[in-house]
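Subject: Structure for you to look at

Hello,

Here is the structure I promised you. Please open it next to this email and follow along.

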Amino acid sequence: KSAVSIISNIAEGFERGRPREFQHVLRIARGSCGELRSQIAISADREYVSRSQHQKLARQLIELTRQISSLMKYLETQLK
């Protein structure tokens, strides 16, 4: 659910066409990245996914979080 929420929030915010609203939903998407990282950690603890899968997914989510943050910073410069 949180994985779908990430891309859904980004798409929704982009389609609204207003930078402030886009920033708002990007914050929500970034939060969903954190939520998904914790769910993946729990999955690894319960051995639903391997430690190597967990590490790979966690790295990808950290990178996605950075990308979302960069987009938010860019939007902030456009609003000034």
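Below is what was found in it, from the whole chain down to single residues.

First, the ground rules. This is a predicted model, so local features need pLDDT of at least 70, side-chain atom pairs count only at pLDDT 80 or more, and totals for chains, interfaces and linings use all residues. Residues are numbered from 1 along each chain as its sequence is written, and side-chain values use heavy atoms, with hydrogens and water left out.

**The whole chain**

The chain holds three helices and zero strands. Both kinds of element are DSSP runs, numbered from the N terminus: helices are H or I with at least four residues, strands are E with at least two. Read from the N terminus, the order is α-α-α. Along the principal axes, the C-alpha atoms fill a box of roughly 45 × 20 × 10 Å.

The chain has 80 residues, and 28% of them are buried. Buried means under 20% relative accessible area, exposed means over 50%, and partly exposed lies in between (1.4 Å probe, protein chains only).

Now the contacts (heavy atoms within 4.5 Å). Take those with a separation of 6 or more: 66% of them join residues 24 or more positions apart.

**Helix 2**

Helix 2 covers residues 19-45, which is 27 residues. From first C-alpha to last it reaches 39 Å, close to the 39 Å expected. The expected span is 1.5 Å times one less than the number of residues.

Which way do its buried residues face? They pack against helix 1 (2-16) and helix 3 (51-79). Among them are Gln23, Ser32 and Ala44.

Ile28 also lies in helix 2. Is Ile28 buried or partly exposed? Ile28 counts as partly exposed, because its relative accessibility is 37%.

**Helix 3**

Helix 3 has 29 residues, so it should span 42 Å at 1.5 Å a residue; its end C-alpha atoms are 42 Å apart, which agrees. Its buried residues include His54, Ala58 and Ser69. The buried residues of helix 3 pack against helix 1 and helix 2.

In soluble globular proteins, nonpolar side chains tend to be buried together. Look for that here. The largest nonpolar core has 12 residues: Ile6, Phe22, Val25, Leu26, Ala29, Cys33, Leu36, Ile40, Leu61, Ile68, Met72 and Leu75. Helix 2 gives the most to this core, with seven residues. Such a core is a set of buried Ala, Val, Leu, Ile, Met, Phe, Trp, Tyr and Cys residues joined through side-chain atoms within 4.5 Å.

Click on Cys33. What does Cys33 contact, leaving aside its neighbours within four places in sequence? The list is Ile6, Leu61, Leu64, Thr65 and Ile68.

**The loop**

Glu47 sits in the loop between helix 2 and helix 3. Most residues other than glycine have a negative phi. Glu47 has a positive one, near 65°. Glu47 is also exposed, because its relative accessible area is 70%.

Start with the core, then turn to the loop.

Best wishes
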